[in-house]
Amino acid sequence: MAATIWERIYGHDVLIWGAQQGTVPDYQGGERVKLLGGLEYLLKFEGMKPIRLAVEAGAPVYQRLNGPQLGQSWELNTALTFGF
């Protein structure tokens, strides 16, 4: 489980204006709680350090966004690590 809270930005640049998300401080910030799960596998070969393969996937179970922001529907993370 991963939870994130981010706040609106205070202050603004007077040269940036309009109704886009990046120009209106009230359209920034929000809360999100994600549920994640994954697998990790170690590949072992004779005379070599192990190679690690990891895969993690998840999706938000709760999100509240301030203003018109793109919500997150899912995510997938992968990693392949090896040593010398």
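A: A salt bridge is taken here as a side-chain nitrogen of Lys or Arg within 4 Å of a carboxyl oxygen of Asp or Glu. The model is predicted, so that local features need pLDDT of at least 70 and side-chain atom pairs count only at pLDDT 80 or more, while totals for chains, interfaces and linings use all residues. Residues are numbered from 1 along each chain as its sequence is written, and side-chain values use heavy atoms, with hydrogens and water left out.

By this rule the count comes to 3 salt bridges. In one of them, glutamate 40 pairs with arginine 52, with 3.3 Å between the closest N and O atoms. Because glutamate 40 belongs to strand 2 and arginine 52 to strand 3, this pair ties together parts that are 12 residues apart in sequence; strands here are DSSP runs (E, at least two residues), numbered from the N terminus. Glutamate 40 is exposed, at 53% relative accessible area, whereas arginine 52 is partly exposed, at 25%, where buried means under 20%, exposed over 50% and partly exposed in between, with a 1.4 Å probe and protein chains only.

Arginine 64 forms a salt bridge with glutamate 31, the closest N and O atoms being 3.5 Å apart. Arginine 64 lies in strand 3 and glutamate 31 in strand 2, so this pair joins parts that are 33 residues apart in sequence. Arginine 64 is partly exposed, with a relative accessible area of 38%, and glutamate 31 also counts as partly exposed, at 25%.

Glutamate 75 and lysine 34 form a salt bridge in which the closest N and O atoms are 2.8 Å apart. This pair links distant parts of the chain, with glutamate 75 in strand 4 and lysine 34 in strand 2, 41 residues apart. Both partners are buried: glutamate 75 has 15% relative accessibility, and lysine 34 has 16%.

As for the sheet itself, 4 strands form an open sheet in the order 1-2-3-4 with antiparallel pairing, two strands being paired if DSSP finds at least two bridges between them. Strand 1 (2-6) and strand 4 (75-81) are the edge strands, each pairing on one side only. Strand 1 and strand 2 (residues 30-43) pair in the antiparallel sense over 5 bridges, and valine 33 in strand 2 is the bridge partner of alanine 3.
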